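Please open the model in your viewer and keep the sequence panel beside it. The stops below say what to select next and what is to be found there.

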Amino acid sequence: MQTLIRRRGAGTSRFIQHTPIKAIVALCMGAASVSTTGIAAADGEAIFNQRCAACHSIGGGRSVGPDLKGIHAKRSADWLIQITKSAQSLVDSGDAEAKKLLDEYKMMMPDQNLSDADVKSVLDYIASKGS
Ligand code: HEC
């Protein structure tokens, strides 16, 4: 598994050309389960600390990105899922609020590449920290 992942990183297109589709599907499924079990999908706090805390606080004020405390009162659940997954796609879709944030913070939040379950648990964790 480890070797396959390294090879994939080293030269994705060449690897895909020479690999039967079944192996690619198996590899993708393997990679997905590595990412979820690796950071305990249910543990929103761990995900936040590993993936968000470098740029966001919850109640500690503005950092690289906005303070996320009480964000659920300000934004719809759907919008939060979308920006957590990909701020770039939200801006590309013409979303006015996402564009405003980009102007204000002068930086696009990088795509997080999280599973739906991970996005949900990290947002639940943020909500649990109060409004
Ligand atoms: C490399 C820095 C960085 C990381 C890591 C990061 N963000 Fe962000 N985030 C930003 C910036 C900058 C913005 C504001 C600009 C934008 O929206 O692109 C933002 C905006 C947001 C917003 C919108 C806030 C508002 O006021 O509406 C949410 C929600 C958010 N991030 C959640 C997360 C979550 C959850 C994670 C972890 C899974 C995360 N971010 C990881 C930099 C980051």
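A residue is called buried here if 20 or more other C-beta atoms lie within 10 Å of its own, exposed if 12 or fewer do, and partly exposed in between, with C-beta atoms placed from the backbone. This is a predicted model, in which local features need pLDDT of at least 70 and side-chain atom pairs count only at pLDDT 80 or more, while totals for chains, interfaces and linings use all residues. Residues are numbered from 1 along each chain as its sequence is written.

**The whole chain**

Begin with the cartoon view, in which the protein shows 9 helices and 0 strands; helices (H or I, at least four residues) and strands (E, at least two) are DSSP runs, numbered from the N terminus. Buried residues make up 14% of the 131 residues in the protein. Two residues are in contact if their C-beta atoms, placed from the backbone, lie within 7 Å, and among contacts between residues at least 6 apart in sequence, 56% join residues at least 24 apart.

**Helix H9**

Now select residues 116–128, which form helix H9. This helix has 13 residues and reaches 18 Å from its first C-alpha to its last, close to the 18 Å expected at 1.5 Å a residue, where the expected span is 1.5 Å times one less than the number of residues. Colour Asp118, Ser121, Val122, Leu123 and Ile126, which are the buried residues of H9. An α-helix has 3.6 residues a turn, so residues three or four places apart point the same way.

Is Asp118 buried or exposed? Asp118 is buried, because 24 other C-beta atoms lie within 10 Å. Just after H9, look at Gly130, which takes a positive phi of about 95 degrees.

**Where H4 crosses H9**

Which residues meet here? From H4 they are Gly44, Glu45, Ile47 and Phe48, and from H9 they are Asp118, Ser121, Val122, Asp124, Tyr125 and Ile126. By class, the contact of H4 with H9 has 5 nonpolar, 2 polar and 3 charged residues; Ala, Val, Leu, Ile, Met, Phe, Trp, Tyr, Cys and Pro count as nonpolar, Asp, Glu, Lys and Arg as charged, and the others, Gly among them, as polar.

**Ile81 in H6**

Select Ile81, which is found in helix H6. Ile81 is partly exposed, with 14 other C-beta atoms within 10 Å. Leaving out residues up to four places away in sequence, Ile81 touches Val119 and Leu123. The C-alpha atoms of Ile81 and Lys120 are separated by 7.4 Å, although these residues are 39 apart along the chain.

Step on to Lys106, in the loop between H8 and H9, which has a positive phi of about 55 degrees although it is not a glycine. Lys106 is exposed, with 6 other C-beta atoms within 10 Å.

Further along, Met108 lies in the loop between H8 and H9 and counts as partly exposed, with 14 C-beta neighbours inside 10 Å. Apart from neighbours within four places in sequence, Met108 is in contact with Ala87, Gln88, Val91 and Leu102. Asn113 belongs to the loop between H8 and H9, and its phi is near 55 degrees, a positive value in a residue other than glycine.

**Around the ligand**

Finally, display the ligand with the 26 residues around it, of which Cys52, Cys55, Gly65, Leu101 and Met109 come nearest; a residue is near a molecule or strand if its C-beta atom, placed from the backbone, lies within 6 Å of it. The elements that give two or more residues to this shell are helix H6 (77–85) and helix H8 (96–105). The largest share of the shell, 4 residues, comes from H8. By class, the shell has 20 nonpolar, 4 polar and 2 charged residues.
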